Amino acid sequence: MNEKRSSIEENAQFSLFEEGVGARQACPPPSPPGGGYQETCTVLKFSARPPEAKKNADPRLDELARMGIQRVWLEVAEAIGVDAFLTMWRILDAEPASHHKEGRLQLNLKLYRSYLRFQRNRYIEALARKGLRPLEIQWHLNRQLRESVSLRHISRIADGDRL
């Protein structure tokens, strides 16, 4: 609950000076004492939280940890949300080929850098379609992605060779 306190009259009327425009105005009246709006403060009342409680932590994360879920999967669950994690887990578990004999899932997932490389190659193709030469494409890759790619590699991608 918030409560407001003020040391000055809330509905005080200040006269506006009517003479002149812009810099030609008459001298403005002195400011009222106390800073006006700065004299109004809101008293906030916070409830104490135990220091071990994470902000907005889902209690199901603790359940997953107690089950023995690996740390990396707990991080995934925290990053994407427990509901999304459970949905992903259910979908992966529905694929019998991913079941390991020890009662675990065995996943075959490409490295994340392969996704980044795929996206970089699509960028090279887009620059080539715009009519840029391999040297110009190389300059863009260095400047925008901070990647050093050989002219030969750029030419192969630009010519339509899928890598």
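**Pocket and helix packing in a predicted model**

Guide: In this predicted model, the lining of the largest pocket has nine nonpolar, four polar and two charged residues by class.

Visitor: How much space lies in the largest pocket, and which residues are the closest to its centre?
Guide: The space in the largest pocket is about 420 Å³. Of the 15 residues that line the pocket, Ile69, Trp73, Trp89, Arg104 and Leu105 are the closest to the centre. Helix α3 (residues 82-93) supplies the largest share of the lining, with five residues.

Visitor: Why is α1 called roughly antiparallel to α2?
Guide: Helix α1 (residues 59-67) and helix α2 (residues 71-80) pack at an angle of about 165°, with their axes 10 Å apart. Angles over 145 degrees count as roughly antiparallel, and therefore α1 is roughly antiparallel to α2.

Visitor: What makes the contact of α1 with α2, by class?
Guide: Leu61, Leu64 and Ala65 in α1 meet Leu74, Ala77 and Glu78 in α2, and by class this contact has five nonpolar, no polar and one charged residues.

Visitor: Why is α4 described as roughly perpendicular to α6?
Guide: The axes of helix α4 (residues 112-129) and helix α6 (residues 151-158) cross at roughly 75° and come within 9 Å. Angles from 65 to 115 degrees count as roughly perpendicular, so α4 is roughly perpendicular to α6. Arg120, Asn121, Ile124, Glu125 and Ala128 of α4 make the contact with His153, Ile154, Ile157 and Ala158 of α6.

Note on methods
Residues are numbered from 1 along each chain as its sequence is written. This is a predicted model: local features need pLDDT of at least 70, side-chain atom pairs count only at pLDDT 80 or more; totals for chains, interfaces and linings use all residues. Side-chain values use heavy atoms; hydrogens and water are left out. On a 1 Å grid over the protein atoms alone, a cavity is a set of points where a 1.4 Å probe fits but cannot get out, and a pocket is an open set with protein on both sides within 12 Å along at least five of seven lines; lining residues have an atom within 4 Å of a point. Grid points are joined across faces, edges and corners, and a volume is the space filled by probe spheres set on the points. Helices (H or I, at least four residues) and strands (E, at least two) are DSSP runs, numbered from the N terminus. Ala, Val, Leu, Ile, Met, Phe, Trp, Tyr, Cys and Pro count as nonpolar, Asp, Glu, Lys and Arg as charged, and the others, Gly among them, as polar. Axes are lines fitted to C-alpha atoms, for helices over the stretch in contact, and angles run from 0 to 180 degrees between N-to-C directions. Angles under 35 degrees count as roughly parallel, over 145 as roughly antiparallel, 65 to 115 as roughly perpendicular and the rest as oblique. Contact means heavy atoms within 4.5 Å.
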